[in-house]
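Here is a short report on one protein chain. Look over the structure first, then read on.

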Amino acid sequence: MLSLLSSLLRASMAVFVVVLVCVLLVLCFCSALLRWNEVRYRKKGLPPGTMGWPVFGETTEFLKQGPSFMKNQRARYGSFFKSHILGCPTVVSMDPEVNRYILMNEAKGLVPGYPQSMLDILGKCNIAAVHGSTHKYMRGALLALISPTMIRDQISPKIDDFMRAHLSGWGNQVINIQEKTKQMALLSSLKQIAGIESSSISQAFKTEFFKLVLGTLSLPIDLPGTNYRRGFQARKNIVSMLKQLIEDRRASSEEVHHDMLGGLMRSDDQNRYKLTDEEIIDHIITIMYSGYETVSTTSMMAVKYLHDHPKALEELRKEHLAIRARKMPEDPIDWNDLKSMCFTRAVIFETSRLATIVNGVLRKTTQDMELNGFLIPKGWRIYVYTRETNYDSFTYPDPLTFNPWRWMDKCTENNSFIFGGGTRLCPGKELGIAEISTFLHYFVTRYRWEEVGGDKLMKFPRVEAPNGLHIRVSNLTN
């Protein structure tokens with residue numbers, strides 16, 4: 001019996017030693033990998049920082065910890081440090097002045113540097129990916145679709161018609177405002193792009209589009225089950241839908257379509273920008289993608305902040321009730337009404353700033369370049385982390401407070417980079433503001449609301465409520 005116990009004890013010790021040795025070998029291997037990756041990127045003149053694992057870098061920490069990861073790295077290395085995120089060696093800038101310089105000086109050795117997953121899924125012809133003369137041409141084609149004149153004459157009536165219908169029947173029930181604003185942003189854009197045909201493709205398009213959005217912020221690993229694979233497949237399905245729509249329109253060429261797709265497809269002399277079908281499709285996907293994220297999230301967070309700040313809500317409602325008082329019930333919101341919504345515009349800017357809908361932008365170096373006293377190698381990304389600029393106490397006194405009145409001074413708006421800057425100023429800025437303003441108009445003049453409570457908000461890498469943001473809505477006239 002004793003000999004049996006002794007044998008078992010020796011066997012257990014042997015297994016323990018083997019497991020311990022394996023664990024130590026794995027730890028040594030991991031340590032060697034990390035060390036190798038650090039040495040690999042230890043070039044003279046680079047800013048301090050860590051590079052994480054080969055291939056993956058520090059992407060997991062960046063996506064999961066977000067602002068905490070950034071603050072920890074800044075505490076260790078300062079406001080200008082190196083990392084490896086989303087598959088690229090990257091320098092992160094959290095310095096407001098350096099960020100301002102980068103955003104205003106794209107041509108000086110810097111071009112857009114968005115991650116490979118975003119380029120693959122949004123398309124190589126999307127306006128955020130191209131630069132130089134191509135960017136100028138593509139931007140011109142986009143601005144021709146969403147100029148102030150086009151918003152006034154063609155787009156604004158469609159937005160008003162859609163918002164009126166979309167916001168009907170919300171009273172006396174609990175709704176998920178996140179879900180409602182997502183549907184609103186997507187379907188409103190689809191109506192502007194495809195007009196009357198949007199209703200026939202909206203359901204199939206919506207299913208694929210939500211997969212596409214998730215895929216743009218992922219590692220470009222093409223394996224089954226990954227967000228990248230699902231997003232890329234969703235792009236293929238959306239491209240197929242849009243190709244069919246374009247072919248159907250060409251087959252019925254005698255019909256004139258007064259929508260964005262119709263404008264892009266025009267071949268007469270009034271259209272200065274002749275695009276290929278591939279460019280048209282990438283243009284449409286880009287318009288949908290950029291407008292969806294900013295319009296839906298800003299609308300949701302505006303509802304949240306206005307609920308939490310009754311004085312701001314009172315001021316906003318007063319502005320919109322005054323507009324409504326000048327109109328008959330069936331009269332739409334027009335361009336002059338939109339231009340008169342000064343406090344509404346201030347609420348939109350303050351919501352975008354405080355919620356930080358867009359955390360930053362990426363640029364890529366086209367040559368070795370000196371920046372902030374460091375030498376950045378050719379091909380590296382520079383992540384302009386605008387969250388810090390949004391919370392700069394010099395530009396925005398008491399920066400963590402929701403204060404729309406700070407934007408009533410036009411100088412604040414002119415000095416802001418919330419919608420980008422330089423040649424990369426968001427071309428859809430005024431269209432997005434028009435959509436959110438019209439949404440807020442019908443929401444605050446029809447309803448009052450209170451939060452159900454218990455819903456968690458995440459602010460990185462996207463602003464979202466994982467389980468929805470639920471509010472109890474009642475009619476304003478009750």
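Buried means under 20% relative accessible area, exposed means over 50%, and partly exposed lies in between, using a 1.4 Å probe and protein chains only. His470 is partly exposed, because its relative accessible area is 26%. His470 belongs to strand β10, residues 470-475. Strands (E, at least two residues) and helices (H or I, at least four) are DSSP runs, numbered from the N terminus.

Which residues does His470 touch, beyond its neighbours within four places in sequence? Its contacts are Val174, Ile175, Asn176, Glu451, Val452, Gly453 and Asp455. Contact means heavy atoms within 4.5 Å. Glu451 is 19 residues from His470 along the chain, and their C-alpha atoms are 6.3 Å apart.

## The whole chain

This is a predicted model: local features need pLDDT of at least 70, side-chain atom pairs count only at pLDDT 80 or more, and totals for chains, interfaces and linings use all residues. Residues are numbered from 1 along each chain as its sequence is written, and side-chain values use heavy atoms, leaving out hydrogens and water.

The protein chain has 18 helices and 10 strands. Of its 478 residues, 51% are buried. Take contacts between residues at least 6 apart in sequence: 72% of them join residues at least 24 apart.
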